[in-house]
Amino acid sequence: MTLTTTHIDELLEKCRRGDERAQMKIYKKYSKAMYNVALRIVKDSAEAEDIMQECFLKAFDKLETFEGTSTFGAWLKKIVVNHSIGIYNKNTRHTEVRYEDQFKHAADDSEGIASEEEEQNPKVKMILKTMESLKENYRVALTLHLIEGYDYEEICEILNITYANCRTTISRAKESLRTKLLSYEN
Amino acid sequence: MKTNNDLKDLFEGLDFDIAEPSSSHEDRFREKLRQRPQKKKPQHNGVINMWVPVMAIAASFLVAVLIFQGVFTYPFSQEQKLANVSPEMKQTQDFYSSVIRTELAAIQEQKSPETEAVINDALAQLEILEKDYEKLEKDLGESGQDQRVIFAMITNFQKRIDLLKMVVEKVNEINTLNNNSHENNTI
């Protein structure tokens, strides 16, 4: 563990100096995870990829402000989450129709990769599918809470809602998810 | 009714990163990385920023002094001996000069009417090499002990020794040839 962390620290030091190879190494290491974080929020593969790449560029520019109080992965993920939520809010605010579109898109995507992924992670697939059937604000809050692992305070901050609101939303979302999961199981 | 932790347990240890970015995403990113405006200089705190002009002035003074030295001191010390570079170089120089001296003495001893032409020619060649060497000594001073000049000086020494060796061989050959022909004549 220490070995990998020092390795990353070295790479980050090179990134600070603008070493392109180091930047690409960091990118390769984290791109898939960050892509998935973005995709779970915005539900659009092209958009998720754009967000992920923009966040990497942003992170490289702001590398000076990364103090190492958290891991680099967690720091980067926070950037991706915030950016994704920003894009997500913009999309839902501007085009109500997009909501329907996104669902269609998500369905297409899952069909495309279903053949190999379904066998590997039937449980994950099932959970994600169930999550998608939830109300949008439930889905986002639960994704942040259960998949990305943020606590209530962090989610309040990310979604810009009050603590009470956050608690209620998540608790109702959990309830909804539980019922849906049960109905899927039966 | 399940406990509040049931969902946490369900999600625990699962890898949700099942989607892959498009196949060309790395190339796209590399492109973006190169296209973006060059990273601004990292902003340090004010103390360091204040030092920047001071350092710049100090640096320009240093450069001025170096140029001054370059212009006014080099003419006086343009010629530098190889021995001035380092103690090892002094050893090298001493070694080569002593070898050259003994070889030269050996050749002078062998001097005879038959070999005179060869030896004189060799001495003329040696003189050319020596002139080259003097030029190199001048270069050494001017270039500030450039590695290439030092290398050229050593090569020059080697050339001289090679030349002398060749001459010694040639002279020996001529002498034995002479002896042989004398013997042939007597038989």
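# Exercises on salt bridges, burial and contacts

B:Arg30 and B:Asp27 form a salt bridge, with 3.8 Å between the closest N and O atoms; a salt bridge here is a side-chain nitrogen of Lys or Arg within 4 Å of a carboxyl oxygen of Asp or Glu. This is a predicted model, in which local features need pLDDT of at least 70, side-chain atom pairs count only at pLDDT 80 or more, and totals for chains, interfaces and linings use all residues. Residues are numbered from 1 along each chain as its sequence is written, chains are lettered from A and ligands numbered from 1 in the order in which they are written, and side-chain values use heavy atoms, with hydrogens and water left out.

**Exercise 1.** Explain the spacing of B:Arg30 and B:Asp27 in their helix, and find the network they belong to.

*Solution.* Step 1: both residues lie in helix α2 of chain B, and because they are three residues apart, about one helical turn separates them. Helices (H or I, at least four residues) and strands (E, at least two) are DSSP runs, numbered from the N terminus. Step 2: an α-helix has 3.6 residues a turn, so residues three or four places apart point the same way. Step 3: B:Asp27 is partly exposed, at a relative accessible area of 49%. Buried means under 20% relative accessible area, exposed over 50%, and partly exposed in between (1.4 Å probe, protein chains only). Step 4: shared partners join A:Glu20, B:Asp27, B:Arg30 and B:Arg34 into one network of salt bridges.

**Exercise 2.** Describe the salt bridge between B:Arg30 and A:Glu20.

*Solution.* Step 1: the closest N and O atoms of B:Arg30 and A:Glu20 are 3.8 Å apart. Step 2: this pair crosses between chains, from helix α2 (residues 25-35) of chain B, which holds B:Arg30, to helix α2 (residues 20-42) of chain A, which holds A:Glu20. Step 3: B:Arg30 is partly exposed at 24% relative accessibility, and A:Glu20 is partly exposed at 26%.

**Exercise 3.** Locate the partners of the salt bridge between A:Lys77 and A:Glu148, and state whether they are buried or exposed.

*Solution.* Step 1: the closest N and O atoms of A:Lys77 and A:Glu148 are 3.5 Å apart. Step 2: the pair links distant parts of the chain, 71 residues apart, with A:Lys77 in helix α4 (residues 72-94) of chain A and A:Glu148 in the loop between α7 (136-147) and α8 (152-159). Step 3: A:Lys77 and A:Glu148 are both buried. Step 4: over all chains, the count comes to 18 salt bridges.

**Exercise 4.** Describe the surroundings of A:Met52.

*Solution.* Step 1: A:Met52 sits in helix α3 (residues 45-61) of chain A and is buried, with a relative accessible area of 0%. Step 2: its C-alpha atom is 6.7 Å from that of A:Ala38, 14 residues apart along the chain. Step 3: apart from neighbours within four places in sequence, A:Met52 is in contact with A:Tyr27, A:Ser31, A:Met34, A:Tyr35, B:Pro21 and B:His25, where contact means heavy atoms within 4.5 Å. Step 4: B:His25 lies in helix α2 of chain B and is buried at 9% relative accessible area. Step 5: with the neighbours within four places in sequence again left aside, the contacts of B:His25 include A:Glu49 and A:Gln53.

**Exercise 5.** List the buried residues of α8(A) and describe the backbone just after this helix.

*Solution.* Step 1: the buried residues are A:Tyr152, A:Ile155, A:Cys156 and A:Ile158. Step 2: just after α8(A), A:Asn160 has a positive phi of about 60 degrees.
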